[in-house]
Amino acid sequence: MMDLLSKNSRIDGRGLLDYREIKVEKGLIGRAAGSAQVSIGSTKVLAGVKVELGEPFPDAPDKGVLTVNAELVPLASPAFEPGPPDENAVELARIVDRALRETEAIDLKMLCIEPGKKVFVVFVDIYVLDYDGNFIDASSLASILALLNTKIRSFRVEEGKLKYEDGYMPLPIRHTPVTVTLAKPDNGPFIVDPNLEEELSLGNRISISIDELGRICGIQKLEGSLSIDEVFKAVSIAKNIAPKLIEIVKREAV
Amino acid sequence: MSAEFVRVDGRLPDQLRPIRMVVGVLDRADGSAYVEQGNTKVLVAVYGPRELHPRHQASPDSAMVRCRYHMAPFSTKERKTPAPSRREIELSKVIKDAISQAIFLENFPRTSIDIFIEVLEADGGTRCASINACSLALANAGIPLRDLVSSVAVGKYKGHIILDLNDEEDEVAEADMPIAIMPSLNRITLLQVNGVLTEEEFKQAFNLAIKGCMEINRIQRETLRSVYSSIKGEED
């Protein structure tokens with residue numbers, strides 16, 4: 001692998017900055033308000049959205065609530081064990097959450113019924129089903145696609161009371177962040193979308209979230225370390241590659 | 001723009017909070033350190049290298065690093081329940097990754113190096129103060145290090161790029177970016193961004209953070225130097 005990398009190619013024949021084949025299926029789960037399954041190569045992630053009534057956070061009484069959870073379920077990989085989300089699952093959920101939250105991807109103010117008392121809570125649950133490396137980018141894509149796929153009963157707020165109307169409406173989505181994960185060996189080039197083998201053997205990895213406006217909306221350095229120049233290079237690569245993922249989101253959102 | 005901006009606590013944009021660092025504060029631990037940055041107070045203990053049980057979890061080639069970042073219930077504005085939160089789980093992971101890079105793990109096969117972080121008071125930058133204290137505690141434990149790890153957070157607050165945010169600033173900030181570096185090796189071992197930044201703002205903030213880390217590194221070295229010179233003084 002290192003030999004191939006020194007010649008700017010990878011074991012599976014991809015270019016350094018190429019994603020594996022990305023496939024999207026939407027609306028598979030009837031009981032979910034919205035759902036999407038994303039495959040990047042063999043990695044498969046299913047995200048489901050449920051929208052329920054609940055209470056707002058005390059420090060944001062006029063906003064709906066977004067909560068993101070992720071599970072690395074045991075059927076996805078011999079490496080995943082049953083039990084509550086471990087540090088990798090928690091980190092995954094928080095990476096996806098931050099990008100959605102900080103861009104205000106969902107206009108949460110529109111999901112407030114009675115300030116301080118009643119709001120809609122949007123649950124995004126990420127289920128990694130098949131792990132061949134890079135569940136982060138797949139989860140990030142699956143989450144925004146599931147949110148775009150979501151339909152809730154049409155409603156209006158009349159004097160602080162919730163009134164349902166006929167039909168269904170989408171969630172108020174304003175931004176579409178995606179995440180680009182890069183890996184590199186200590187002495188060698190950056191690659192995008194590491195597969196499992198690359199993830200396990202290249203010691204340095206970083207995930208960078210970018211929205212449709214080209215803004216950085218999240219960075220998480222994962223294992224390893226990077227020089228200062230390498231950090232700037234990674235951000236630049238991510239910024240250039242993100243539009244390809246956002247193109248997929250736009251296309252599938254229709 | 002930032003030149004005349006005065007912050008909520010009177011600091012300039014590129015000013016660190018007052019810092020206090022002490023090593024060897026605990027008697028039972030192999031190494032320990034206490035760090036204050038502004039009102040943020042963290043205490044770190046290191047146990048190890050020690051035999052790792054269960055044995056099957058030990059690595060034949062290197063030490064395993066275990067790290068627990070935990071906040072005392074009284075450390076935050078509103079009481080924090082003692083049970084590990086998802087944030088603490090994530091921070092335990094990122095701090096472990098940040099500090100492990102500095103340790104010659106291969107020198108201690110089949111052992112564990114256990115790092116325990118307790119945040120006694122939280123006023124912003126707790127993971128950074130924790131990393132700074134971990135470096136000192138590891139050195140205090142006599143564990144050979146490639147370099148000290150020095151850490152600080154920068155952020156964007158009402159349009160201004162600022163260094164070493166306190167909690168009040170962090171809550172309002174458009175972006176918060178903790179960074180850690182091994183300065184003499186030029187290796188970034190912690191980098192997170194929570195918020196929204198343009199690429200330009202990111203570069204500006206990053207460069208300011210590195211400056212902050214260098215100053216912190218100076219204080220860490222001074223702290224260690226004064227411990228060893230006072231030990232030497234006792235021996236003379």
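B:Pro49 has its place in strand E3 (residues 40-51) of chain B. Helices here are DSSP runs of H or I with at least four residues, strands are runs of E with at least two, and both are numbered from the N terminus. The peptide bond that joins B:Gly48 and B:Pro49 is cis, with omega at about -5°. A cis peptide bond also joins B:His53 and B:Pro54, and there omega is about 0°. B:Pro54 is found in the loop between E3 and strand E4 (64-71) of chain B.

Before I continue, a word on conventions. This is a predicted model, in which local features need pLDDT of at least 70 and side-chain atom pairs count only at pLDDT 80 or more, while totals for chains, interfaces and linings use all residues. Residues are numbered from 1 along each chain as its sequence is written, and chains are lettered from A and ligands numbered from 1 in the order in which they are written.

I remain with the backbone of chain B. Phi of B:Arg110 is near 65°, a positive value in a residue other than glycine. The residue B:Arg110 sits in the loop between helix H1 (86-100) and strand E5 (111-121) of chain B. Is B:Arg110 buried or partly exposed? B:Arg110 is partly exposed, because 15 other C-beta atoms lie within 10 Å. The cut-offs are as follows: a residue is buried if 20 or more other C-beta atoms lie within 10 Å of its own, exposed if 12 or fewer, and partly exposed in between, with C-beta atoms placed from the backbone. B:Lys158 also has a positive phi, of about 50°, although it is not a glycine. B:Lys158 lies in the loop between strand E6 (150-157) and strand E7 (160-163) of chain B. B:Lys158 counts as exposed, because it has 11 C-beta neighbours inside 10 Å.

Let us now consider chain B as a whole. Chain B has 4 helices and 9 strands. From the N terminus on, its elements run β-β-β-β-α-β-α-β-β-α-β-β-α. The radius of gyration of chain B is 18 Å, close to the 18 Å that the globule rule gives for 236 residues, so chain B is as compact as a globular protein of that length. The radius of gyration is taken over C-alpha atoms, and the globule rule is 2.2 Å times the number of residues to the power 0.38. The C-alpha atoms of chain B fill a box of roughly 55 × 45 × 35 Å along the principal axes. Of the 236 residues of chain B, 48% count as buried. Among contacts in chain B between residues at least 6 apart in sequence, 69% join residues at least 24 apart. Two residues are in contact if their C-beta atoms, placed from the backbone, lie within 7 Å.

Chain A may be described in the same order. The secondary structure of chain A comes to 5 helices and 12 strands. For its 254 residues, a compact globule would have a radius of gyration near 18 Å, and the 19 Å of chain A agrees with this. The C-alpha atoms of chain A fill a box of roughly 65 × 35 × 35 Å, again along the principal axes. Buried residues make up 47% of the 254 residues in chain A.

Two packed helices are described by the angle between their axes and the distance between the axes. The axes of helix H3 (residues 135-149) of chain A and helix H5 (residues 228-253) of chain A come within 10 Å and cross at roughly 25°. Axes are lines fitted to C-alpha atoms, for helices over the stretch in contact, and angles run from 0 to 180 degrees between N-to-C directions. H3(A) and H5(A) are therefore roughly parallel to each other. Angles under 35 degrees count as roughly parallel, over 145 as roughly antiparallel, 65 to 115 as roughly perpendicular and the rest as oblique. The residues in this contact include A:Leu141 and A:Ile144 of H3(A), and A:Leu245 and A:Val249 of H5(A).

Finally, I turn to where the chains meet. How many residues does the contact take from each chain? It takes 25 residues from chain B and 23 residues from chain A. On the side of chain B that touches chain A, E9(B) gives the most, with 9 residues. Helix H2 (residues 87-102) of chain A and H1(B) pack at an angle of about 105°, with their axes 9 Å apart. H2(A) and H1(B) are therefore roughly perpendicular to each other. Among the residues that meet are A:Glu87 and A:Arg94 in H2(A), and B:Arg86 and B:Lys93 in H1(B).
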